[in-house]
Amino acid sequence: MRPAGGPGALQADAAERLLGGRSAARQETMLRLTLRRFFRHRLAAAGLVVLMLIGLSAILAPLAPYDPDALSATARKQGPSAEHWFGTDKAGRDIFARTVAGGRVSLTVGLASTALALAVGVTIGALAGYFGGWIDAGLMRLTDAFLCFPQLFVLIVLATLIRTTSLRVLQGSMVPIAVVIGVLSWMGLARIVRATFLALREKEFVEAARAAGAGNLRIMTRHILPGAVGPIVVQATLLVAASIITESGLSYLGFGVQPPTPSWGNLLEDAQAHMRTLPVFAIAPGLMIFLTVMSINFVGDGLRDALDPHSRR
Amino acid sequence: MFGYVLRRTLWIVPVVVTVAAVTFFLMYRAPGGPWSQEKPLPASTVRTLNAKFGLDKPLWINPEAVQAKRDDGVNNPLTLGRAYLDSQFFNYMIGVFRFDLGPSYASKGAETVQSVIIQKFPVSAKIGLVGIIFAIVVGLPLGVVSALRQNTWIDYASLFTSTIGVSVPTFVSGLLLLLFLSQNFGVSPVRRPEAWEGLGRAYLLPGIVLGLGTMSYIARLTRASMLEVKRQDYLRTARAKGVAPQGVVRSHMLRNALIPIITILGPAAADLVTGSIIIETIFSAPGLGREFVDSISKRDYSMIMGTAIFYSVLIAIANVTVDLSYGFIDPRIRVRR
């Protein structure tokens, strides 16, 4: 099969393969180097372990000894016991089962909305910072407009509408809440990516790449984007944590995930009335939110130190 | 420069129009009118109320009103044009630009939305103010010290503290604080309504709880940004030419490291103001955030729209101010005309 473009392209192709092969070897050592630097950060390693445990608990939630929605007339508002590890709530439901089941919801929403924000934010920031001019002006005004939406207010209004209008079919699903949080949280990423692109596009290595014949897309993805990875990673990890907090806050106020579906936020709201007599109700979901978010933040720190080419010692 | 300031300021107008239009149509789509309650009102009452608040008018344009004016022998194009736009949407939008957000439906028009905002917002603003002052005054030095003493115990302690601070949502820290204070000291930080007048001690706890996250965020960002700057060549140059260490930190490091921090101050201020919805609920503060939550459950549509527009204007002003401040801090970003 003859590659399009004739012998010149064939040569270029061979050179590319040669270079590609070499860079693959480099990438492997880079990966190992990055991993080693990551695990040298002890808090980050601990965070990763905690996060994996929490993730595992969410995945294995259906295996909990009790159904999170099973009511019981006899075992109401019990303290922690061998049978019910975290006790039971006012309807006799097992708090432990509800806490791990709530984790599934909260983690899914956090990850999904961040993935969405990442896709939108990096694209917009990269285009604006790289091309400048009217593209930059237009995209940044769009970002500004989104930044002007009072996030929590819009979320509450949208959540109420979803609950009361024809979109009611989506009520039990986490999709709308994840989409709404994602669509309203990409702006910080876009601004940071734009700032990095703005600074890096004037650098000599970009000029060199252009002189060597690299196209815009290649310069953006292969030459500038790696320089922006550090800030993007830090911002994205913070965003996962922030999304979990937003979801929990909404559910705490009663506008997020609706009971009986448990989420860490609405469990906390449930617990508030019994806080003096049974503080474990509030402490269990509160601690889960806290541990998750803190572990994510530590992992983000570790990743930044590991990915930042300057911090190489 | 003046042209740029003007342009950025005028940018607020389309933003407000967009937010107003979006919230208007969201509310228009919402089921149940503002008068639907547990016990339905008689149809005649609903009709009277609708007529009183102009809710019987067409949504977009009002050709019938033009015809009526014509029949009365009015030919002034301005009057006719106004009659043509005598609709729910345009009446509302015209009102917004006159700072008239209409009557609060829940009070059956006894109060206007703007009077409720003027009455309730100061409480939210004061909580937010305490929060942002706390965040900057504690967060910035923490980040600077952390970066200057990188990888020492001070750095680790401050990183650990700020990571905890970023990780505890306000409703967790607020609730636990309430629990802790009331069980161990028998003090309840929930104050009587009078305590929220002026700027009393009542604002201290909610403000700090609200500002905790932003404080930690600022500390982390300052540290990251200072470390970035620390490796720049111009620092070596500055030291080599004999600038005193404090001078290097102040004019060469901090000044450059501040740029990303200022970027987040606008959104952070916005977060603090809107985040006070939860804080006001926990500490039962009579602010605009709680009013908003109440108005949702009361289906007070005009109040919901008014509050959303009010907050977006506020956030727009904060963002524009931050944008304009770049030029003063970083001459490199000064805008080309």
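Guide: Helices (H or I, at least four residues) and strands (E, at least two) are DSSP runs, numbered from the N terminus.

Visitor: And what am I looking at?

Guide: This is a predicted model, where local features need pLDDT of at least 70 and side-chain atom pairs count only at pLDDT 80 or more, while totals for chains, interfaces and linings use all residues. Residues are numbered from 1 along each chain as its sequence is written, with chains lettered from A and ligands numbered from 1 in the order in which they are written.

Visitor: How many helices and strands are in chain A?

Guide: Chain A has 11 helices and 0 strands. Chain B comes to 14 helices, also with 0 strands.

Visitor: What else does H3(A) cross, and at what angle?

Guide: H3(A) and H9(A) cross at roughly 145 degrees, and their axes come within 8 Å. On the H3(A) side the meeting residues include Ser106(A), Val109(A) and Tyr130(A), and on the H9(A) side they include Met220(A), Ile224(A) and Glu247(A). The contact divides into 15 nonpolar, 6 polar and 1 charged.

Visitor: Changing topic. Which residues touch the most other members of the largest nonpolar core?

Guide: Leu155(A), Leu189(A) and Val193(A) do, in a core of 154 residues. Helix H9 of chain A, residues 216-253, gives the largest share of this core, 17 residues. A nonpolar core is a set of buried Ala, Val, Leu, Ile, Met, Phe, Trp, Tyr and Cys residues joined through C-beta atoms within 7 Å. A residue is buried if 20 or more other C-beta atoms lie within 10 Å of its own, exposed if 12 or fewer, and partly exposed in between, with C-beta atoms placed from the backbone.

Visitor: What is Leu155(A) in contact with?

Guide: Leaving out neighbours within four places in sequence, Leu155(A) contacts Val180(A), Ile181(A), Leu184(A) and Leu250(A). Contact here means C-beta atoms, placed from the backbone, within 7 Å.

Visitor: How much of each chain counts as buried?

Guide: In chain A, 44% of the 313 residues are buried. In chain B, buried residues make up 38% of 337.

Visitor: How many residues does each chain put into the contact between chains?

Guide: Chain B puts in 39 residues and chain A 38. H14(B) gives the most to the side of chain B that touches chain A, with 8 residues. That side of chain B has 27 nonpolar, 10 polar and 2 charged residues.

Visitor: Which element of chain A has the lowest mean pLDDT?

Guide: Helix H1 of chain A, residues 6-40, has the lowest mean, 60, whereas H3(A) has the highest, 90. pLDDT is the predictor's confidence in each residue, from 0 to 100. Over residues 1-10 of chain A the value is below 50, and beyond near neighbours in sequence this stretch has 4 contacts in the model. The average for chain A is 79, and 81% of its residues score at least 70.

Visitor: Last one. Where is Asn151(B) found?

Guide: Asn151(B) sits in the loop between H7, residues 113-148, and H8 of chain B. Its phi is near 65 degrees, a positive value in a residue other than glycine. Asn151(B) is exposed, because 8 other C-beta atoms lie within 10 Å. Ser284(B), in the loop between H12 and H13 of chain B, also has a positive phi, about 35 degrees. Ser284(B) counts as partly exposed, with 15 C-beta neighbours inside 10 Å.

Note on methods: Two residues are in contact if their C-beta atoms, placed from the backbone, lie within 7 Å. Ala, Val, Leu, Ile, Met, Phe, Trp, Tyr, Cys and Pro count as nonpolar, Asp, Glu, Lys and Arg as charged, and the others, Gly among them, as polar. Axes are lines fitted to C-alpha atoms, for helices over the stretch in contact, and angles run from 0 to 180 degrees between N-to-C directions.
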